[in-house]
Amino acid sequence: MLFFVARRLLYLVPVLIAVSVLTFVIASLLPGDLAYVILGDQATPENVAALRHDMGLDQPIWLRYLGWLWHILQGDFGRSFRTGQTVLQAVSERLPVSIELMILAELIGLAIGVPLAIACAAKAGSAFDRLMTGSAFGMLSVPTFLSAILLIYLFAVELRWLPATGYVPLGEDPIANLRFMVLPALTLALAEWPGIMRVLRSDMIAALQEDYIALAKAKGLKPSRILFVHALKPSSLTLVTITGINIGRLIGGAVIVETIFALPGIGRLLVGAIYTRDLIILQGVVLLVAAGFVIMNFIVDLLYAVLDPRIRHGHA
């Protein structure tokens, strides 16, 4: 197991380096001059040249990248030139909001997708199965912003059950926090459950056709035990993958959802950095989000090895 973890960590290093290179290069190639943006009305040629020299913007891009990477390795992701706040401070303030949104959305998505997948697998080919499969395809085609608008109109405008926008910290008032988080989490969950349901349904249908399932039926085991123990457990590997990828993708916060519902999360921080051309915040947030996604995939690989010994021993 230790050899498996060490090998995966070795694979992780070049991926993180590639992520850092892409993050820096893409942000550096954005149009406009950061020195002009910072100086504003005081952007005289002399001031611009002096600031570009102080920030190292007059150096080759590869040299700037090495300097930036060296500071990153020391834990210095930079400081916003607009607010004076460091990247780590800005992220740490907003990360709890995005993590809460991510967890709630994933739990709701699993609560919808897993039972539907089991029911469809148990009644494969039935009218219910076809209805749910078609509904899943339909939900995949609905953009997130449209789901958000429809949910706001239904639950906030018409029924007035939930607030449309805003945020209350969890430690301040848990009930109010959940009321503000329900609609954003449900919006994301509506985009998550179709993939969960379709993948788990396919795996369970394949598992139910295996010989050991026929043997379990011949022994007289209850259908519920066959379905939930003998079919669901071996199908959980793919479910772990889907869940891990979803969580990794949601680490950065849903940019559109956080903007629509005015949640002070990572996604909204990223949008604000783009609008204000705060390159330091933009680079730091994108790097942290991408690194989080890569690390989440690494954790999924470890869970795979725990669930299936063949993987960690190199036989699958």
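1. Let's begin with an open space in this predicted model. The second largest pocket holds about 300 Å³ of space. Its lining includes Val-13, Leu-16 and Ile-17, along with Phe-77 and Ala-291.

2. Which helices build that lining? Helix H1 (2-28), helix H4 (61-73) and helix H14 (279-307) each supply at least two residues of the lining of the second largest pocket. H1 gives the most, with 5 residues. Sorted by class, the lining has 11 nonpolar residues, 1 polar residue and no charged ones.

3. Now for charges. Side chains of opposite charge can pair when their charged atoms come close. How many salt bridges does the structure hold? There are 2.

4. Glu-93 counts as exposed because its relative accessibility is 51%, while Arg-94, at 22%, is partly exposed.

5. Finally, take a look at helix H10 (residues 223-231), where Ile-226, Leu-227 and Ala-231 are buried. Viewed down the axis of H10, the buried residues fall within an arc of 95 degrees, so they line one face of the helix. They pack against helix H5 (87-122), helix H8 (174-207) and helix H9 (211-218).

Notes
Residues numbered from 1 in each chain as written. Predicted model: local features only at pLDDT ≥ 70, side-chain atom pairs only at ≥ 80, totals over all residues. Heavy atoms only, no water. Buried < 20%, exposed > 50% of the residue type's maximum accessible area, 1.4 Å probe, protein only. Helix = DSSP H or I, 4+ residues; strand = E, 2+ residues; numbered from the N terminus. Arc of directions from axis to C-beta. Contact = heavy atoms within 4.5 Å. 1 Å grid on protein atoms, 1.4 Å probe; cavity = no way out; pocket = protein on both sides within 12 Å on 5 of 7 lines; lining within 4 Å. Points joined across faces, edges and corners; volume = space filled by probe spheres on them. Nonpolar A, V, L, I, M, F, W, Y, C, P; charged D, E, K, R; others polar. Salt bridge = Lys/Arg side-chain N within 4 Å of Asp/Glu carboxyl O.
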